Every structure is written in structure tokens, then in C-alpha cells.
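This briefing goes through selected local features of a single chain, grouped by topic. Please keep the sequence and the model at hand while reading.

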Amino acid sequence: MGLAAGCGPQQEAKKDLQPLNIGLMPDTDSLPFIVAQEKGYFKEEGLEVNIQQYKSAMDRDSALQSGNLDGAISDMLAVAFAKDGGFNVKVTSFTDGSYKLIAGAQSSAAKMADLQGQDVAVSRNTIIEYVTDQILQKENLGEDTINKVIIPQIPTRLEMLQNGKLGAATLPEPMASIAVHNGCKYVTGSDELGINPGVIMFTAKTTNDRRAELAAMYRAYNKAVDYLNNTPREEYIDMLVEKASFPPTAKAALKLPEYHHAALPKESDVVDCVKWLQGKGLIKKNYTYADFVVDVLGK
């Protein structure tokens with residue numbers, strides 16, 4: 001009797017969970033959400049998650065600010081821009097996104113210093129430019145060491161790199177893996193240098209009012225992480241390429257990171273982003289870790 005009575009409130013609580021609307025981008029950060037959806041992990045937690053996919057960060061952020069999304073796969077720069085613009089969002093965990101500096105097929109560059117004076121493609125005032133600057137800084141090189149070429153569209157950046165029109169480009173996954181698969185050369189990247197600015201963010205209203213939903217979401221997310229880390233690639237790669245809207249080439253090229261259970265970002269990842277944004281005059285306030293990050297993980 002006691003056991004039956006104890007189950008009742010928990011089942012009732014699951015029934016009371018409201019749907020979450022979450023925005024994804026076509027990148028490797030998003031894959032645990034796709035797995036959790038396709039394998040039924042959200043449903044196991046009694047949670048409905050409506051996944052919306054976006055091709056551009058601008059469209060994703062517009063959907064968040066207009067109330068069409070509760071949260072999204074994002075990065076610290078987008079969080080800072082939203083906060084500085086008066087839209088209150090909170091970081092709930094880091095993600096396993098990966099950004100890589102890739103040299104052209106004809107290049108002999110083995111490190112960033114070898115690209116001095118060459119054209120390196122980035123997108124201005126984005127996570128891509130931030131990672132590129134962090135790579136320069138970690139190798140004690142000035143920003144003027146390379147000639148930054150601003151190419152906002154990732155497919156265009158990839159195409160120009162593969163056609164030999166650039167010395168190098170900074171690309172997210174899976175585009176970086178595709179470039180290497182097609183003959184370009186890996187130089188360095190965020191994983192190797194311990195740069196991790198990718199995050200999951202939610203509106204402050206969601207983090208205040210929807211703790212049970214977020215806890216259920218992260219339980220499902222962690223199940224998906226375990227699945228990705230412990231399942232042979234061939235069992236899921238077709239599904240991921242299709243559902244994540246990756247180019248067909250990604251099936252052979254994509255190298256997935258080791259995914260981590262949901263956890264808060266390191267303070268240094270937040271502070272370094274804020275410093276970079278302030279140094280470029282892109283945000284006005286000196287935000288702290290506590291301004292951005294909230295613990296909904298219940299650990």
C-alpha cells in the first residue's frame with residue numbers, strides 16, 4: 001500500500017509537465033536532443049519536447065525573443081548579446097560543440113603561426129571569430145597576424161576553403177570534418193585548446209517556473225549522452241545525418257566528440273567571453289558568472 005501510494009504523486013507530477021519548445025542548429029551540440037527525441041527518452045520522462053531546427057543563429061534568437069521557444073542550443077556570445085539587449089536568458093549547462101581551424105588542401109600549415117599573412121575566413125562578432133581569436137591568443141599571436149576574411153555563411157566558407165581560395169577557415173562540426181574528409185588539413189581547435197563556449201540557454205521565465213520540466217529534460221539528455229558514447233556509430237549515423245539536416249557527406253566524414261552529462265560551464269569560459277566582447281565594445285556591462293548561469297540540474 002505504501003509503495004503504491006508513493007508512486008501516485010510521481011506519476012501525477014509527470015502528467016503535469018508542460019511541453020518545452022527548444023531550438024536546435026545543424027551542429028553536433030544538438031545531437032543528444034535528437035537522440036532523446038528519436039529514442040523516446042523524453043517520453044519516458046513524461047515530457048513533450050517540441051524541437052525546432054534553425055539554419056541561422058539570428059532566426060533562432062528571434063524565435064526565442066518572440067516567445068516561440070523556451071530555450072535553445074546556443075553559445076556564450078549569444079547569451080551575452082541577449083542579456084545586454086535587455087532580454088533575460090540563463091545558461092543551464094555547457095554543450096559539447098566543437099570549432100576547428102582548418103587549412104586548405106594545398107597548405108603546409110601545421111600550427112596557427114604558419115598561417116601568418118594568409119586569408120583566414122570567419123564570421124564577424126560570432127563564436128567563430130571568438131574561437132579564432134582565442135587560438136591566436138593561446139599561441140601568443142596578435143589579431144593582425146592573419147588576414148581575417150568575413151564570410152558569414154558556413155557553406156560558402158567551406159566551399160571557398162575547398163576550392164583553394166582561402167589559407168584557412170574556422171568551421172563548426174560537422175563542416176570541419178567534411179573539409180578534412182575532402183582533403184583539407186586540421187590545424188587546431190577548441191577541443192584541443194580547452195575552449196568551450198557552447199551552452200544550452202533558456203529564458204529566465206522558464207528557469208524560474210519550469211524546474212520540473214528542465215529536470216526531466218536533462219534526465220533524458222543524459223540518457224542520450226550515454227547512448228551516443230556507448231553505441232556503435234553505424235547504429236545511429238543515418239538517423240542523425242537525416243534528422244540533424246547534415247549534408248550527406250557527413251555520414252562518412254563526421255567525427256563525434258565524447259559527450260558529457262549535463263553540467264554547468266566553467267567560470268573561465270564565461271569570463272573569457274565577456275572580456276572578449278567588452279574588448280571589442282560589443283557589450284556595455286561587466287557581467288559576472290552569476291549573471292548568466294543558473295543551476296537547474298539539482299546536483
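Ser74 is found in strand β3 (residues 71–75), where helices (H or I, at least four residues) and strands (E, at least two) are DSSP runs numbered from the N terminus. The model is predicted, so local features need pLDDT of at least 70 and side-chain atom pairs count only at pLDDT 80 or more, while totals for chains, interfaces and linings use all residues. Residues are numbered from 1 along each chain as its sequence is written, and side-chain values use heavy atoms, with hydrogens and water left out.

**Ser74 and its surroundings**

- Ser74 counts as buried because its relative accessibility is 3%, buried being under 20% relative accessible area, exposed over 50% and partly exposed in between (1.4 Å probe, protein chains only).
- Setting aside residues up to four places away in sequence, Ser74 touches Arg60, Gly198, Val199 and Met201, a contact being heavy atoms within 4.5 Å.
- With one of these residues, Arg60, the side chain of Ser74 also makes a side-chain polar contact of 3.4 Å; a polar contact is a pair of N or O atoms within 3.5 Å, of which, within protein, one must be able to donate a hydrogen and the other to accept it, and residues adjacent in sequence count only if both atoms are side-chain atoms.

**Strand pairing around β6**

- Strand β6 (119–122) runs parallel to strand β7 (residues 147–150), and 4 bridges join them; two strands pair if DSSP finds at least two bridges between them.
- Within this pairing, Val122 has Ile150 of β7 as its bridge partner.
- β6 also runs parallel to β8, to which 2 bridges join it, and here Ala121 is partnered by Ala169 of β8.
- A right-handed β-α-β unit is made by β6, α6 and β7, right-handed meaning that, with the strands pointing away from the viewer, the path from the first strand over the helix to the second runs clockwise.

**Helix α7**

- Arg157, Leu158 and Leu161 are buried in helix α7 (residues 154–162). They lie on the same side of α7, because they cover an arc of only 95° around the axis, the arc being that of the directions from the helix axis to the C-beta atoms.
- The cover over the buried residues of α7 includes β5 (99–103), β6, α6 (127–138), β8 (168–172) and α8 (175–181).
- Gly164, which follows α7, has a positive phi near 75°.

**Helix α14**

- Helix α14 (residues 267–279) has 13 residues and reaches 18 Å from its first C-alpha to its last, close to the 18 Å expected at 1.5 Å a residue, where the expected span is 1.5 Å times one less than the number of residues.
- Asp269, Val270, Cys273, Val274, Trp276 and Leu277 are buried in α14. Because they cover an arc of only 165° around the axis, they fall on the same side of α14.
- Lys275 and Gly279, on the other side of α14, are exposed, whereas the buried residues of the helix pack against α5 (76–84), α6 and α15 (289–292).

**Backbone features in loops**

- Most residues other than glycine have a negative phi, and most peptide bonds are trans.
- Asn140 is not a glycine, yet has a positive phi of about 55°; Asn140 is found in the loop between α6 and β7 and is exposed, with a relative accessible area of 74%.
- Ser245, also not a glycine, has a positive phi of about 60°; Ser245 is found in the loop between α12 (237–243) and α13 and counts as partly exposed at 37% relative accessibility.
- The peptide bond from Glu173 to Pro174 is cis, with omega near 10°, and Pro174 has its place in the loop between β8 and α8.

**Loop residues and their contacts**

- Glu143 lies in the loop between α6 and β7 and is partly exposed, with a relative accessible area of 42%.
- Apart from neighbours within four places in sequence, Glu143 is in contact with Asp133, Leu136, Lys148 and Lys280, and a polar contact of 3.5 Å joins the side chains of Glu143 and Lys280.
- Leu256, placed in the loop between α13 (250–253) and α14, counts as partly exposed at 25% relative accessibility.
- Apart from neighbours within four places in sequence, Leu256 is in contact with Thr28, Leu31, Leu228, Tyr236 and Leu240.
- The C-alpha atoms of Leu256 and Asp29 are separated by 9.7 Å, although these residues are 227 residues apart along the chain.
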